Amino acid sequence: MLSPIYGATSAELAAVRDRLIAMPYGARPEQFDATPEVLDRSRALRASLPGEGPVVAFVGRLVYYKGVEVLLAALARLPGVRALIAGDGPMRGFYESTARDLGLGPRARFLGRIDEPTNVPLNHAADVFALPCLNRAEAFGEVQVEAQLCRLPVVTSNVASGVIDVTRDGVT
């Protein structure tokens, strides 16, 4: 288990709660450095969006509990903000259609599935990372840790899972 909050609030784990141990996420921070190559790729990603406004990054499977529709609705209310949305999954068509219906046009760029080497430049291309998850199905949010290792501020939902263990208001 990666999250003390998830373990403490899980009905499924109640019978073994006294034996749960939170295991820290392992990462090599140097993998997330802004090297010249990473910065070149991040500039290209940022330049692929129209305008000059802030950029929000999202990385994850495009499934219902990730809450991408929340991010898209927020973009619709923030006319200058742009988004790089990385990932693929069964909800991709729905999210792309929602972006069109909201009139987001090229401000919301769906990148599809990205490989690990693209994740770091994507985070460095953004001004903020968003994980607008809808429920506890998002048990931890490894992408939050990766964004933080790129020195990127993270905005997420207040879901009683590992998500709030990773991104603590005023702390991390």
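Colleague: How many aromatic pairs does the count come to?

Modeller: This is a predicted model, and rings are taken as paired if their centres lie within 6.5 Å. By this rule the count of aromatic pairs comes to 2.

Colleague: Which kind of pair do the rings of Y64 and Y65 form?

Modeller: The ring centres of Y64 and Y65 are 5.4 Å apart, and their planes stand at 85°. Planes over 60 degrees apart are classed as edge-to-face. With that angle between Y64 and Y65, the pair is therefore edge-to-face.

Colleague: Is Y65 buried or exposed?

Modeller: Y64 has 48% relative accessibility and counts as partly exposed. For Y65 the relative accessibility is 18%, and the limit for burial is under 20%. Y65 therefore counts as buried.

Colleague: What makes up the secondary structure of the chain, in helices and strands?

Modeller: Read from the N terminus, the elements run α-α-β-α-β-α-β-α-β-α-β-α. Of the contacts in the chain with a separation of 6 or more, 73% are between residues 24 or more positions apart, and buried residues make up 42% of the 172 residues. The secondary structure comes to 7 helices and 5 strands.

Colleague: Which residue is the bridge partner of F129 in β5?

Modeller: Strand β4, residues 128-131, pairs with β5 in the parallel sense over 3 bridges. In β5, the bridge partner of F129 is V154.

Colleague: How many residues of β1 are buried?

Modeller: In a regular strand the side chains alternate between the two faces of the sheet. In β1, V55, A57 and V59 point one way and V56 and F58 the other way, and all are buried. Strand β1 is joined to β2 by 5 bridges in a parallel run, and F58 stands opposite I85 in β2. The number of buried residues in β1 is 5 of 5.

Colleague: How many of the residues in the contact of α2 with α5 are nonpolar?

Modeller: The axes of α2 (residues 36-47) and α5 come within 8 Å and cross at roughly 65°, and the crossing is right-handed. Helix α2 brings V38, R41, S42, L45 and R46 to the contact, while α5 brings P117, T118, V120, P121, L122, H124 and A125. Besides 3 polar and 2 charged residues, the number of nonpolar residues in this contact is 7.

Colleague: How many of the 10 residues of α5 are buried?

Modeller: The buried residues of α5 are T118, N119, V120, P121, L122, N123 and A125, and what covers them includes α2, β1, β2, β3, β4 and α6. Helix α5 is largely enclosed by the rest of the structure because its buried residues number 7 of 10.

Colleague: Which residues does N119 touch, not counting those up to four places away in sequence?

Modeller: N119 has its place in helix α5, and with a relative accessible area of 4% it is buried. Leaving out residues up to four places away in sequence, N119 touches V59, I114 and E146.

Colleague: Is R151 buried or exposed?

Modeller: R151 is found in the loop between α6 (142-149) and β5. R151 and D127 are 24 residues apart in sequence, and their C-alpha atoms are 9.7 Å apart in space. The relative accessibility of R151 is 78%, so this residue counts as exposed.

Notes. Residues numbered from 1 in each chain as written. Predicted model: local features only at pLDDT ≥ 70, side-chain atom pairs only at ≥ 80, totals over all residues. Heavy atoms only, no water. Phe/Tyr/Trp six-rings, centres within 6.5 Å; stacked < 30°, edge-to-face > 60°. Buried < 20%, exposed > 50% of the residue type's maximum accessible area, 1.4 Å probe, protein only. Pairing = 2+ DSSP bridges. Helix = DSSP H or I, 4+ residues; strand = E, 2+ residues; numbered from the N terminus. Axes fitted to C-alpha atoms, helices over the stretch in contact; angles between N-to-C directions. Left-handed = near helix turned anticlockwise from the far one by under 90°. Contact = heavy atoms within 4.5 Å. Nonpolar A, V, L, I, M, F, W, Y, C, P; charged D, E, K, R; others polar.
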